[in-house]
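Trainee: I'm new to this one. Could you show me how to read it, feature by feature?

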Amino acid sequence: MTQEDAFAADLLRGHTDTIVLGVLRHGDQYGFEIYKAIRDATGGDHEIKEATLYATYRRLEKDGLVESYWGDETQGGRRKYYRITDAGRAVYRGKVTAWVSTRRIIDSLLDLKGNDLKEQQ
């Protein structure tokens, strides 16, 4: 892992709760489905370790932002599904608004406009 990759991973780690809420706003999913959705959304560039995700699920449930229930699969093991709550949707919207505002400020501070980043590489 390069220094840039480690920096990016640290930035993303701070948004794990929001990322999971973002996945769940499209519908109920079980733990491994959420993991795959995150991995696939980034083309495999970013994965969140399952241990981190399960800690996130517990925290979000404790905070009332998601609810869980056991599925009734006819084949294979039982799966625990997660559903975003109304409070979770409100928190998600607030975090996205904060992110957009923060991104704009950081871009301004770093003087990154349009193709400036490509010129620096």
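Mentor: Let's start with exposure: buried means under 20% relative accessible area, exposed over 50%, and partly exposed in between (1.4 Å probe, protein chains only). With that rule, Asp 10 counts as partly exposed, since its relative accessibility is 47%. Keep in mind that this is a predicted model, where local features need pLDDT of at least 70, side-chain atom pairs count only at pLDDT 80 or more, and totals for chains, interfaces and linings use all residues. Residues are numbered from 1 along each chain as its sequence is written, and side-chain values use heavy atoms, with hydrogens and water left out.

Trainee: With which residue does Asp 10 form a salt bridge?

Mentor: A salt bridge here is a side-chain nitrogen of Lys or Arg within 4 Å of a carboxyl oxygen of Asp or Glu. The partner of Asp 10 is Arg 13, with the closest N and O atoms 2.5 Å apart. Helices are DSSP runs of H or I with at least four residues, strands are runs of E with at least two, and both are numbered from the N terminus. An α-helix has 3.6 residues a turn, so residues three or four places apart point the same way. Asp 10 and Arg 13 are three residues apart in helix H1 (residues 3-13), so about one helical turn separates them.

Trainee: How many salt bridges does a search of the whole structure find?

Mentor: Five. Look at Asp 28, Glu 67 and Arg 83, which are linked in a network of salt bridges. Between Asp 28 and Arg 83 the N to O distance is 3.4 Å. Asp 28 lies in the loop between helix H2 (16-24) and strand S1 (29-30) and Arg 83 in strand S3 (residues 80-84), so this pair ties together parts 55 residues apart in sequence. Glu 67 also bridges to Arg 83, with closest N and O atoms 3.2 Å apart. Because Glu 67 lies in strand S2 (residues 66-70) and Arg 83 in strand S3, that pair ties together parts 16 residues apart in sequence.

Trainee: Is H2 mostly covered or mostly exposed?

Mentor: Mostly covered: seven of its nine residues are buried. Among them are Val 20, Leu 21 and Gly 22.

Trainee: What is the volume of the largest pocket?

Mentor: Rolling a probe the size of a water molecule over the atoms shows where empty space is left. On a 1 Å grid over the protein atoms alone, a pocket is an open set of points where a 1.4 Å probe fits, with protein on both sides within 12 Å along at least five of seven lines; lining residues have an atom within 4 Å of a point. The largest pocket has a volume of about 620 Å³. Its lining has 20 residues, of which Leu 12, His 15, Thr 18, Ile 19 and Trp 99 lie nearest its centre. H5 gives the most to that lining, with five residues.

Trainee: How far apart are the end C-alpha atoms of helix H5?

Mentor: The expected span of a helix is 1.5 Å times one less than its number of residues. The 25 residues of H5 (residues 86-110) should therefore span 36 Å, and the end C-alpha atoms are 36 Å apart, which agrees. After H5 comes Asp 111, whose phi is positive, near 55°.

Notes:
Grid points are joined across faces, edges and corners, and a volume is the space filled by probe spheres set on the points.
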